[in-house]
Amino acid sequence: MRITSGPGTPLARRLAGLAVAITLPLTLAGCGEDDSVGFAPTCPAMHIPAEVADYYNYSAKGPTFDHLVTRASITKLAGDCAATDDSGKKKGLRTRVGIHIVVRRGPAATSDSLTLPWFVAVVHNDKIVGKHIFEQAVTFPGGVSTVAVDTKLVSVDLPVKPTNGENDYQFEVGFQLTKTQLAYNREHGVQATFTSQ
């Protein structure tokens, strides 16, 4: 399994309660026909765990509205799949993944720019077997407090045959949160605002 595009970091541990928190199944649409395969292969199931779909950043003064620096939400998930080309032989499955994020400046914001970390985790047999963290730069134009951005599509190669049937892999996608941010989302019952695409 190979993940490309963006800086890499090792997987520290599986998110606690990930299987329970998964609330949005999404099978990505296949891309165009491939001569060797003869069909658009089925992509792995995609999920955004609700507890990592929103990003809250507060100042050191505490988690209240007047101390909110940034709030970001993943609102859409998109991508496609194709067979990987290995010396002219279609042996694996390549999935491209991207997210749409809506970002809001809070009353405690002191900068017009920030960087949001997000991740794609590969799950096989209920275990994370690979994870990669990416960064999305965000800049607010003058006088604007809300912006929407689309990340670059990142590619994940899986060592499975490209078929039009299901495979044993699935992807989890969300914001890479600190322990404090994750605890905040869990304790406050943050409702994710994402939709399938």
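The following legends describe several close-up views of a predicted model.

Residues are numbered from 1 along each chain as its sequence is written, and side-chain values use heavy atoms, with hydrogens and water left out. Because the model is predicted, local features need pLDDT of at least 70 and side-chain atom pairs count only at pLDDT 80 or more, while totals for chains, interfaces and linings use all residues.

**Figure 1. Overall fold of the protein.** The secondary structure comes to two helices and 12 strands; helices (H or I, at least four residues) and strands (E, at least two) are DSSP runs, numbered from the N terminus. Along the sequence, these elements follow the pattern β-α-β-β-β-β-β-β-β-β-β-β-α-β. Of the 197 residues in the protein, 46% are buried; buried means under 20% relative accessible area, exposed means over 50%, and partly exposed lies in between (1.4 Å probe, protein chains only). Among contacts between residues at least 6 apart in sequence, 72% join residues at least 24 apart, where contact means heavy atoms within 4.5 Å.

**Figure 2. The aromatic pair of Tyr-55 and Phe-175.** Rings of Phe, Tyr and Trp (its six-membered ring) pair if their centres lie within 6.5 Å; planes under 30 degrees apart count as stacked, over 60 as edge-to-face and the rest as tilted. By this rule, the count comes to five aromatic pairs. The pair of Tyr-55 and Phe-175 is tilted, because the ring centres are 5.7 Å apart and the planes stand at 55°. Distant parts of the chain are linked here: Tyr-55 belongs to strand S4 (residues 54-58) and Phe-175 to strand S11 (residues 169-175), 120 residues apart. Tyr-55 is buried, with a relative accessible area of 11%, and Phe-175 also counts as buried, at 1% relative accessibility.

Figure 3. Trp-118 and Phe-134 form a tilted pair, 5.0 Å centre to centre with 35° between the planes. This pair links distant parts of the chain, with Trp-118 in strand S7 (residues 113-124) and Phe-134 in strand S8 (residues 127-139), 16 residues apart. Trp-118 is buried at 2% relative accessibility, as is Phe-134 with a relative accessible area of 3%. Pro-117 lies in strand S7 and counts as buried at 18% relative accessibility. Pro-117 and Phe-134 are 17 residues apart in sequence, yet their C-alpha atoms are 5.6 Å apart in space. Not counting residues up to four places away in sequence, Pro-117 touches Tyr-55, Ile-133, Phe-134, Glu-135, Phe-175 and Gln-176.

**Figure 4. The loop between S7 and S8.** Asn-125 is found in this loop, and its phi is near 55°, a positive value in a residue other than glycine. Asp-126 is found in the loop between S7 and S8 as well, and has a positive phi of about 65° although it is not a glycine. Asn-125 counts as exposed at 55% relative accessibility, and Asp-126 counts as exposed at 58%.

**Figure 5. Charged ends over aromatic rings.** A charge sits over a ring if NZ of Lys or CZ of Arg is within 6 Å of the ring centre and within 35 degrees of the ring normal. The charged end of Arg-105 is placed over the ring of Phe-140, 5.7 Å from its centre. Likewise, the charged end of Lys-131 sits over the ring of Phe-119, 4.5 Å from its centre.

**Figure 6. The disulfide between Cys-43 and Cys-81.** A disulfide is a pair of cysteine sulfur atoms within 2.5 Å, and by this rule the count comes to one. Cys-43 is joined to Cys-81, with an S to S distance of 1.9 Å. The two residues are 38 residues apart and link distant parts of the chain: Cys-43 is in the loop between strand S2 (26-27) and strand S3 (45-47), and Cys-81 is in strand S5 (residues 68-86). Both are buried, Cys-43 at 4% relative accessibility and Cys-81 at 0%.

**Figure 7. The cluster of Tyr-56, Tyr-58 and Tyr-184.** Ring pairs link Tyr-56, Tyr-58 and Tyr-184 into a cluster. These three tyrosines are among the residues that line the second largest pocket.

How values were computed:
On a 1 Å grid over the protein atoms alone, a cavity is a set of points where a 1.4 Å probe fits but cannot get out, and a pocket is an open set with protein on both sides within 12 Å along at least five of seven lines; lining residues have an atom within 4 Å of a point.
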